[in-house]
Amino acid sequence: MSHRRILHAADIHLDSPLQKLDAYEDAPVDEIREASRRALQNMTRVAIEEQVDLVVIAGDLYDGDWPDQNTGLFFVAQATRLIREGIHVAVIRGNHDAANKMTSNLPLPKNPDGSEILLSEKKVDQRILEDLGIAIHGRSYAKRAETGDMAGEYPQPIGGLFNLALLHTGLSGLEGHDPYAPCSPQQLADKGYDYWALGHIHQRGEHQIDGAAPVVFSGNVQGRHIRESGPKGCILVDIDDRNQTTRRFVPLDVVRFESFEANASDWSHTDELMDAYEDWLSEQLTQVDDRLLVTRVVLSGDSSLHHQWMREQANLEAGLRAASVTHGHGQVWLERLKVRTTAERSKASAERSQAFAEQPQSTVSSTESPSDGPLQSILAVVEQLKTEGGDLEWMNDEISPLLKKLPVEFSGDQSLVRLDDQNERHEWIDAATAELMARLQGGER
């Protein structure tokens, strides 16, 4: 069998809604809104230019049910282009576009051999591409929360063919991901297939077990928010006449998200921050080509500038935003500044604070100094707020009116305080705790 080439993509989330970017008055909303479509167009272009034989999409082609038919029509147009070039397409549904979530349907074009593009959700579906010597195995999600062992249902490989399996899974034990279709890399390797094309995890990665097929997450094709940073795209898989593969990543994203995370402990002037940010921008711009670069600045560490930055946060963000525009030549947009510094303290105070934070509550004795007990109690309350979530209704009722009373030059953009977001609440709790501990233990006001 001659050389063959497959394009493996996943998690396109076509027309995924904005991730709260519309809360920012100057956000390039239209460019970001169109990003998933343009990434899909890039995938189609790469498949044609690279003369691939097969395109596989391992789930979450859509972000959910369509608000109108335009989302589905856009994919139909891209699939039609591929098929007219003689490229086969195979797609499975994932948790976001599971069969029971999608009420809208459009007729999809048929593959060059007359087969369906979409694999069944009722059983493990197979496609035999005899002219390519490839067997495709895959099953779509019937419902959003597929928590059973779907991998166990996959059949034995077909002898003499390159066996490719499609699965939308969180694997087992991957932190921070829902346990959909749980299975282990070893379980997949034991199936004896030649390549596992996985979706669901948006971070690109590969699990290789000696002597077994590569188990590959292609990641999503386009980052959707600042936590999905770095290059996003697809995997090109080249197959030789012994059914061995070589793999390479090809970026497809049109918007790149990156965070500038800086320890400000050694800085004594805001100009040092600006210089460091501009140097970082210069390096990033060499890597993103003509993409829009969306940045976030996160400042941490014990800093002599902490109180100044907290007072002037809105002005500081405006300065960084201006640097983004001028130094980035219109290609960079600052999404947000987060000041997570703490007030500079004496070494002794810092050591006491660290000791309190690490000390189990049960070890606090009645013989400790008067200040130890209250400080330890504060840390215990903070931990309870974070682990139990606190009373969100109370936080909204009590804090939201206060935010509205603060002048914007002190508080920054108040619309960006998102108490309904758990990560956001934890960040605010940590920042407030650091400020309180610094003041109680001798930090400057």
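Is Ile 134 buried or exposed, and what is its relative accessible area? Ile 134 is buried, at a relative accessible area of 0%; buried denotes under 20% relative accessible area, exposed over 50%, and partly exposed in between, with a 1.4 Å probe and protein chains only.

The model is predicted: local features need pLDDT of at least 70, side-chain atom pairs count only at pLDDT 80 or more, and totals for chains, interfaces and linings use all residues. Residues are numbered from 1 along each chain as its sequence is written, and side-chain values use heavy atoms, with hydrogens and water left out.

View 1. Strand β5 comprises residues 134-138 and contains Ile 134; helices (H or I, at least four residues) and strands (E, at least two) are DSSP runs numbered from the N terminus. Beyond its neighbours within four places in sequence, Ile 134 has contacts (heavy atoms within 4.5 Å) that include Arg 4, Ile 6, Leu 54, Leu 161 and Ile 239. A separation of 9.6 Å lies between the C-alpha atoms of Ile 134 and Asn 243, which are 109 residues apart along the chain.

**View 2. Helix α3 and its cover.** Residues 70-84 form helix α3, whose 15 residues reach 21 Å from first C-alpha to last, close to the expected 21 Å (1.5 Å times one less than the number of residues). Its buried residues include Phe 74, Phe 75, Val 76 and Leu 82. Among the elements covering the buried residues of α3 are α2 (35-49), β2 (54-58) and β3 (88-92).

**View 3. The residue Gly 86.** Gly 86 follows α3 and has a positive phi, near 80°.
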